[in-house]
Amino acid sequence: MRLPIFKLEEYLSEREFNCEIMFSGSDMETYHMHELLSLASTETLELWNSLKLSYTHPKGHPLLLEEINKRYNLSSSVDNICTFNGAEEGIFAAFTNILTKDDHAIVFSPCYQSLKDLPNHLCEVSELPIEFLNGQCSFNLDILPTLIKKNTKLIIINFPHNPTGHIISKNELNHVIDIARKHNLYIFSDEVYRGLEINKADQLPPVASIYEKGISLGVLSKSYGLPGLRIGWLASQDKQLMTKLSQFKHYLTICNGAPSEILAIIALQNEDIIYSRNKKIIEKNLTLLRNFFLNKKEIFEWFEPKGGCIAYPKLKLNISAYDFCEQFSQRQKVQLLPGDVFDHDKNHFRVGFGRLNMPEAIKRFENFLINI
């Protein structure tokens, strides 16, 4: 299977490590090793100190599976959960095992490229586009039933949404599930930003917990701020599917890194502490970001995110978002992400507000705009 260039990752790989400030980062401020280990219980610290660097269980350490399943309350942590090396491996495993060339999938877009392009190279894909109006984002779910075909097999959603930070309501999620259940469809739900809702009341339940053919994707990279651990997972009530995915993993990375699994257990056991720290960061940064963009309405249109640590403002100048981001990077050594990498041509760009260097990023943004 020959896949297209991954625009987002290619764009970032060429720029992320050459800039001084990553202003479009999609993950939270990370932890140092000593900070994470300081949170470990006596029992888990003993697991770390006595760890052997051998192969690990393909599905994941039993204690890791148990900790993950606390977020879903499924019948079996072993049968309903499978860990992967990051979210990307889980995405690849799921779509490769669910979709065939005769199938059809529906994806809410724009989205992380693999959520669309992997299905697009496996079967026919239709997109349900996000709409922008009066500073608000929305998906017109009345369109969803019109996209369903006889061979539709899968609906792909992502909330909190990347790149906008939008979250549909609980009633809207239930409506999507009702449609999927009526047509016996899988729902693949990218939930990597779950836990970073600006308003706790907006948090959606995991799709794997409330729909028999729901598949929830989680990872430590985004909400937890631990991308270096490369620990992601899939959860589903469909035990037969989860068995297929765990068997398919033998053709991929086989198993996770042993140190990453123990560190992941520590992180999950201290989720409340990590989320509390991260929520304080995004609340402070979002206030700074919102004020910055709303004070420059002649240049930008601001769309308030409901969750995650990313936003998707629109550039109103007579210059492409791509060129704007490139000029900003060259002059100020600060990296934004143009909407082009999401195959979205409405002159939006993604900004991240999960890092502690936000005040310096905004200061440089101000300096850049003086001469734009």
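In the predicted model, F108 of strand β3 has L128 as its bridge partner in β4, and the two strands, β3 (residues 104-109) and β4 (residues 124-133), pair in the parallel sense over 6 bridges. Here two strands are said to pair if DSSP finds at least two bridges between them, while helices (H or I, at least four residues) and strands (E, at least two) are DSSP runs numbered from the N terminus. Strands of a sheet pair through backbone hydrogen bonds, either parallel or antiparallel. Residues are numbered from 1 along each chain as its sequence is written. Because the model is predicted, local features need pLDDT of at least 70 and side-chain atom pairs count only at pLDDT 80 or more, whereas totals for chains, interfaces and linings use all residues, and side-chain values use heavy atoms, with hydrogens and water left out.

Together with helix α7 (residues 113-120), strands β3 and β4 make a right-handed β-α-β unit; a crossover is right-handed if, with the strands pointing away from the viewer, the path from the first strand over the helix to the second runs clockwise. Helix α7 is largely enclosed by the rest of the structure, because 7 of its 8 residues are buried, where buried means under 20% relative accessible area, exposed over 50%, and partly exposed in between (1.4 Å probe, protein chains only). The buried residues of α7, among them L115, L118 and P119, pack against α1 (7-15), α6 (86-98), β3, β4, β6 (152-158) and β7 (186-190), contact being defined as heavy atoms within 4.5 Å.

On leaving β4, attention turns to strand β5 (residues 136-139), which pairs with β4 in the antiparallel sense over 4 bridges, with Q136 of β5 as the bridge partner of L133. The strands β4 and β5 form a hairpin with 2 residues between them, and N134 in the turn has a positive phi of about 55°.

These strands belong to an open sheet of 8 strands with mixed pairing, in the order β2-β9-β8-β7-β6-β3-β4-β5. Its edge strands, β2 (81-84) and β5, each pair on one side only. Strands β3 and β6 pair in the parallel sense over 4 bridges, and H104 has T152 of β6 as its bridge partner.

A further open sheet has 3 strands in the order β11-β15-β14, with antiparallel pairing; the edge strands β11 (310-311) and β14 (337-338) each pair on one side only. Strand β14 is joined to the antiparallel strand β15 (residues 349-352) by 2 bridges, and L337 stands opposite R350 of β15.
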